[in-house]
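The sequence and structure are shown first.

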4 protein chains.
Amino acid sequence: MAKVYMKQSAPENPITRRNFIELASATLASAGFAAKGNAETSSRDPHSAAFVGDFDASSLHGKIALEEHFALAEVFDHNHAGKNLPPAFRSQILDLDEIRLAEMDRGGLELCILSLDSPGIQGVPDTSEAISLARRANDHLAQNIAKNPKRFRGFAALPMQDPQAAAQELTRCVRELGFVGALVNGFSQVGAADSVVYYDLPQYRPFWATVQDLDVPFYLHPRRPLETGMRAYEGHAWLAGAPWGFAVETSIHALRLMGSGLFDEYPRLKIILGHLGEGIPHGIWRTDNRIYRGSISLKTQRPLASYLRENCYITTSGNFRTQALTNVILEIGADRVLYSVDYPFEDVVEAQTWLDHCAISDADRIKIARGNAQKLFHL
Amino acid sequence: MAKVYMKQSAPENPITRRNFIELASATLASAGFAAKGNAETSSRDPHSAAFVGDFDASSLHGKIALEEHFALAEVFDHNHAGKNLPPAFRSQILDLDEIRLAEMDRGGLELCILSLDSPGIQGVPDTSEAISLARRANDHLAQNIAKNPKRFRGFAALPMQDPQAAAQELTRCVRELGFVGALVNGFSQVGAADSVVYYDLPQYRPFWATVQDLDVPFYLHPRRPLETGMRAYEGHAWLAGAPWGFAVETSIHALRLMGSGLFDEYPRLKIILGHLGEGIPHGIWRTDNRIYRGSISLKTQRPLASYLRENCYITTSGNFRTQALTNVILEIGADRVLYSVDYPFEDVVEAQTWLDHCAISDADRIKIARGNAQKLFHL
Amino acid sequence: MAKVYMKQSAPENPITRRNFIELASATLASAGFAAKGNAETSSRDPHSAAFVGDFDASSLHGKIALEEHFALAEVFDHNHAGKNLPPAFRSQILDLDEIRLAEMDRGGLELCILSLDSPGIQGVPDTSEAISLARRANDHLAQNIAKNPKRFRGFAALPMQDPQAAAQELTRCVRELGFVGALVNGFSQVGAADSVVYYDLPQYRPFWATVQDLDVPFYLHPRRPLETGMRAYEGHAWLAGAPWGFAVETSIHALRLMGSGLFDEYPRLKIILGHLGEGIPHGIWRTDNRIYRGSISLKTQRPLASYLRENCYITTSGNFRTQALTNVILEIGADRVLYSVDYPFEDVVEAQTWLDHCAISDADRIKIARGNAQKLFHL
Amino acid sequence: MAKVYMKQSAPENPITRRNFIELASATLASAGFAAKGNAETSSRDPHSAAFVGDFDASSLHGKIALEEHFALAEVFDHNHAGKNLPPAFRSQILDLDEIRLAEMDRGGLELCILSLDSPGIQGVPDTSEAISLARRANDHLAQNIAKNPKRFRGFAALPMQDPQAAAQELTRCVRELGFVGALVNGFSQVGAADSVVYYDLPQYRPFWATVQDLDVPFYLHPRRPLETGMRAYEGHAWLAGAPWGFAVETSIHALRLMGSGLFDEYPRLKIILGHLGEGIPHGIWRTDNRIYRGSISLKTQRPLASYLRENCYITTSGNFRTQALTNVILEIGADRVLYSVDYPFEDVVEAQTWLDHCAISDADRIKIARGNAQKLFHL
């Protein structure tokens with residue numbers, strides 16, 4: 001019965017959805033999932049019930065992912081010069097066409113919401129350069145989306161160095177380019193290389209007003225701390241990046257936003273956190289408990305956990321761990337969990353295999369794979 | 001910090017919702033929950049966050065419950081003659097007015113969907129007597145609902161002894177009395193005391209067509225097996241009732257329905273199972289696995305689990321156990337779990353205290369307490 | 001990264017344990033697990049960490065299983081005459097040599113504790129025939145164990161029709177044949193085909209004293225109800241067996257034992273329940289709650305759940321479902337959960353793949369796979 | 001039935017264990033738990049089964065806690081001058097006698113393993129002063145333990161500024177003062193106020209050899225980052241402490257230890273992490289995944305998760321959240337989870353109420369409350 005674990009072949013043409021069998025499951029069908037059925041061999045095999053019964057789960061398509069990155073050649077080659085990256089990686093991250101579509105097919109992804117890779121615009125201290133680069137990146141992305149509008153959508157890269165310019169660029173991206181939100185890579189360096197600016201600061205309140213007015217989510221993606229913020233990682237630079245420091249940086253930033261009263265002022269803001277929540281779901285009870293017991297006086301009206309639950313969404317990017325997912329579901333609820341891969345850093349098939357088989361209900365699986373994203377992005 | 005566990009006082013006037021503080025949580029407010037706030041003492045205390053932050057969870061109201069029973073005096077006194085019931089129990093189960101409303105206030109219940117107690121009409125072998133009794137019970141319930149229409153709704157009692165009469169009575173109850181569904185107590189004795197008739201039988205297909213057409217749920221409530229079906233319980237009569245036999249009877253009945261192809265024929269049927277699913281969620285994978293591996297040929301199109309997930313709803317009645325609830329959420333998803341107490345057999349405050357504090361997300365807690373019922377019953 | 005799901009090749013010589021690489025994990029090594037390492041490709045790949053890091057999980061061996069059945073040809077051919085069994089099944093269940101050893105190798109099983117298939121001796125109403133058949137079955141098993149003493153152990157089949165004879169046969173099997181316990185297939189037919197005798201009855205108390213004195217576990221394995229106990233299954237005979245009725249029968253029997261005060265009288269009795277507990281872990285809270293609230297008077301000193309937790313062990317046989325396993329762990333604790341396959345009814349590789357990858361801690365995985373069995377059976 | 005949540009009265013004399021009723025549960029009794037039984041009212045009430053049946057869970061005693069702090073007056077008054085601490089707090093943390101014993105009785109604590117509060121010796125840059133202060137603190141603790149040896153044990157405070165002196169002081173504390181391990185508050189300032197020294201550095205390897213040789217656990221307790229390490233917290237100093245920064249600091253330190261190969265060199269080292277693991281259990285899979293996929297070359301032999309599972313223990317101090325505890329149990333197993341309160345920062349009754357009722361098995365509850373500590377500290 002190990003079949004379900006072993007088949008991961010991609011149907012040739014997952015998007016056109018020709019020649020699919022009639023779906024047995026109304027739920028699945030109404031959720032927009034396509035399946036290449038295999039009724040003879042698997043029709044009542046409960047092991048094929050990655051989603052629901054009557055078809056081969058391993059050919060399920062229709063997933064939506066939202067932490068999927070591309071790079072601009074000019075920036076990528078500058079940032080990663082001399083780094084030990086796998087040979088094919090550069091091709092994968094620069095490509096916005098055939099390589100990516102083939103991987104999406106392989107990984108059951110119908111739609112990816114694409115974003116500039118980290119640190120992106122945030123690592124450009126010169127404000128006018130940041131503004132200009134953001135515009136170039138967004139235009140580049142928009143042109144490529146236009147070629148495959150059923151497979152790609154876009155998150156705006158934003159020059160947060162200038163809050164007003166960031167608001168303008170976001171407005172342009174949403175209104176003119178059809179982007180569905182923004183993805184920002186943590187703090188910005190503003191004016192100087194050793195500058196660290198977080199978005200809870202007062203100068204960003206008008207920017208957040210714009211985000212709320214546009215009714216689009218803001219993905220707070222990680223970045224590494226600056227060298228001057230690396231003290232705790234000294235001698236362990238590896239730890240400062242994706243293996244741990246990413247979550248440290250992003251969790252602190254998100255908690256700053258929560259603790260600043262931002263979500264009381266703009267209660268309809270929607271923040272997306274990757275990697276199953278950057279550790280916050282596991283620790284937020286203690287955070288609130290210490291604030292309460294320590295008589296810490298914040299400007300907020302509610303426990304921080306309520307902002308996590310009501311203003312945040314969590315993706316699975318790069319954290320394909322059932323135990324952690326269960327923790328998130330039991331803290332925040334499956335309605336706020338969204339599938340993501342973190343391509344090309346992660347493997348689309350590994351991510352898919354995990355989501356298709358992890359020990360959650362199929363109802364939640366479908367929401368996470370697709371339904372929640374459809375609602376959040378009005379797809 | 002044990003306060004939250006200890007306060008369970010009922011606010012004086014939970015339903016009129018006067019003088020509530022402004023709710024901190026938009027989610028809660030939009031879900032229709034009323035709270036008697038206690039902002040000064042608990043505003044940022046995470047321990048009061050039974051639902052969300054800014055108020056005292058123990059005064060939360062607005063729950064909807066749907067396995068709450070009443071009895072007709074004539075039937076109750078006949079059925080329970082000589083039984084060792086607590087003194088106040090008869091008053092509680094017969095009452096459809098002040099006693100019940102006071103208990104609902106005490107237990108944070110805004111609305112109860114009421115039903116005749118088990119075995120109800122199902123234990124009346126004489127068909128015309130069953131038809132007549134069902135009508136009397138439903139009229140009695142309707143009259144009492146009319147006195148408190150904001151607090152009570154009704155499930156029809158049905159004379160399943162005659163499928164056509166049952167369909168007619170359900171239609172009358174829904175169309176004329178405003179009932180929101182049916183609650184039937186397991187198999188019916190038809191024509192003879194030792195008769196056992198389950199509803200997967202062919203003669204019930206037109207009845208199910210009516211249920212689907214009316215778009216109302218059918219609550220499959222337990223009953224004890226007949227004496228002639230008690231072999232395994234011999235010498236342990238206690239085991240045949242609510243402690244275990246109820247789940248045995250009801251799970252078999254529900255699996256008969258699933259295995260008969262009923263839900264393929266009427267895919268929009270909605271069956272409600274109490275007591276966290278009568279054990280089915282824990283075992284359904286094995287059921288499907290044995291059907292598949294044992295090459296058992298059924299008339300069904302899909303694994304039985306898919307009918308459980310797509311045609312069934314599960315209530316918490318009488319099973320206030322977090323571990324079992326978690327199992328149900330991870331098998332079926334929180335969208336299909338609904339709060340119920342099983343009053344007057346269970347205590348409204350115990351049930352409420354459990355739901356308000358069990359280790360699930362507040363989003364799911366709100367759904368289970370109220371939101372899912374609002375959707376299912378179009379409230 | 002899907003590799004770990006896909007490799008299930010059996011090493012040629014899992015038992016001799018030659019040429020294993022040095023195990024990275026002291027825990028694993030001390031638990032007796034053998035692994036054919038694959039350090040080059042997987043040494044730090046967290047996905048290969050079915051147990052722990054440094055080797056290919058899919059070649060892990062050393063599991064112990066205890067609901068693994070054989071049949072006597074004479075009984076099998078009589079019982080299953082005319083049934084639609086898979087062609088190879090008869091060979092598999094009769095074999096106690098090469099077929100079985102090859103399957104054990106394929107499924108990572110170092111040791112199987114073997115038992116006569118259901119209903120075995122319990123379905124032989126004639127007491128002297130039952131006594132004689134049990135003796136023949138046990139001797140047959142002992143002879144085959146002797147050929148492969150490192151791979152096989154035995155559970156005694158018992159003529160429960162005669163409690164004294166059953167006690168004597170168990171004593172003989174343990175003392176003379178080296179068996180490690182008993183496996184009994186539910187109620188016995190005693191004297192007449194339509195007889196149903198459960199072991200909570202007074203005449204079995206001396207038998208239980210013997211079981212306790214011998215300090216060996218008693219596996220309460222399912223059997224189908226008799227035709228006269230099939231009322232609820234009428235028209236759905238498939239439901240009365242392994243798909244559901246097995247759990248119904250066995251759970252009732254186990255609860256009878258608990259409710260009879262047996263475990264107060266013999267507090268060191270150890271009962272093993274298969275299939276993740278036959279549904280009892282999911283429902284036991286409600287059972288105790290109804291006993292308490294319903295003022296049911298039993299001869300027991302404690303809630304039934306305490307006997308489940310302190311006198312029972314649970315195996316995974318035929319129920320490879322992570323959600324249900326998690327429920328059991330959170331109700332009873334991982335120290336009382338033991339791996340089993342239910343061979344040849346279930347597939348050894350499917351069972352192994354599930355246990356090796358399901359979302360529990362590796363510490364618990366090792367206990368369940370092997371450690372708990374070592375303790376329980378003093379291996 | 002809310003009784004069980006509401007009773008938390010402390011029996012007068014929990015330690016002498018006079019006049020306890022005979023415990024119904026052999027498990028509990030053998031685990032050393034004392035209970036003031038209340039057989040008449042609760043004997044079969046499953047809701048009182050915080051541990052097991054037959055007694056009032058709220059009077060359960062016998063817990064062992066190990067992140068319980070005291071302060072030296074000289075240090076406390078220096079460190080906390082001008083801070084807004086609750087009035088009674090100073091008395092509580094300085095006291096090692098009646099106040100503490102009364103709280104322990106109130107919170108069901110039989111034994112506390114005491115430690116100097118954070119940052120303790122680690123915040124003393126002058127090495128000889130650190131050595132001297134550690135000695136004074138340890139002697140002070142030892143004198144107070146001697147007055148109540150059945151209620152108190154000690155963790156050594158260590159002058160990690162000088163690894164050799166730290167090893168000597170630990171040896172003295174274990175061999176001469178009878179201490180059961182060490183508790184160190186994160187990095188040390190060595191020689192200068194703005195110095196940050198972590199213990200993965202080469203100069204600490206001989207110290208770790210001593211820890212391993214003494215076979216005592218090392219509790220890695222949090223401390224705040226220095227001002228120069230506070231960049232990410234700028235404007236949100238509250239966030240740098242117990243609400244979040246504690247976990248950031250301690251998780252990085254623990255991962256440095258793991259990533260340095262320390263546990264390959266000293267495989268029998270036992271590190272204790274508080275607060276349900278400082279976030280590591282939630283994120284460790286991603287850490288290993290990024291190391292593997294990012295081709296990060298470490299000096300380690302295994303995935304970091306294996307060190308977490310085999311060299312670390314996790315306490316519940318200050319994180320009384322069932323969802324997070326469940327995550328830890330499913331990642332690491334209940335055998336490595338130990339109860340702690342974090343007194344006097346947390347409330348003993350809140351902690352106890354949570355542990356006594358959270359949705360885990362009673363077997364695990366007993367291990368966490370007492371059994372695992374008995375094994376780890378050879379009590």
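**The sheet of chain A**

Two strands are taken to pair if DSSP finds at least two bridges between them; strands (E, at least two residues) and helices (H or I, at least four residues) are DSSP runs, numbered from the N terminus. The model is predicted, so local features need pLDDT of at least 70 and side-chain atom pairs count only at pLDDT 80 or more, whereas totals for chains, interfaces and linings use all residues. Residues are numbered from 1 along each chain as its sequence is written, and chains are lettered from A and ligands numbered from 1 in the order in which they are written.

Strands β3 (residues 152-156) and β4 (residues 181-184) of chain A pair in the parallel sense over two bridges. Ala156(A) has Ala182(A) of β4(A) as its bridge partner. Both strands belong to an open sheet of eight strands in chain A, paired in parallel in the order β1-β2-β3-β4-β5-β6-β7-β8. At the edges stand β1 (63-70) and β8 (337-338) of chain A; each has a single partner strand, so one side of each is left without a neighbour in the sheet.

**Relation of chains A and D**

Chain D is superposed on chain A by a rotation of 180° with 0.0 Å of shift along its axis, at an RMSD of 0.0 Å. This is the relation of a two-fold axis. The superposition is by least squares on the C-alpha atoms of residues with pLDDT of at least 70 in both copies.

**The interface**

Chain D and chain A each bring 46 residues to their contact, where two residues are in contact if their C-beta atoms, placed from the backbone, lie within 7 Å. On the side of chain D that touches chain A, the elements giving two or more residues are α10 (245-259), α12 (280-293) and α14 of chain D. The largest share of that side, nine residues, is from α12(D). Of the interface residues of chain D, 100% are also interface residues in chain A, so the copies meet through the same surface.

**Packing of the α14 helices**

Helix α14 (residues 322-332) of chain A packs against helix α14 (residues 322-332) of chain D at an angle of about 165°, their axes 9 Å apart. That makes α14(A) roughly antiparallel to α14(D), a term for angles over 145 degrees. Axes are lines fitted to C-alpha atoms, for helices over the stretch in contact, and angles run from 0 to 180 degrees between N-to-C directions.

Terms used:
Parallel < 35°, antiparallel > 145°, perpendicular 65-115°, else oblique.
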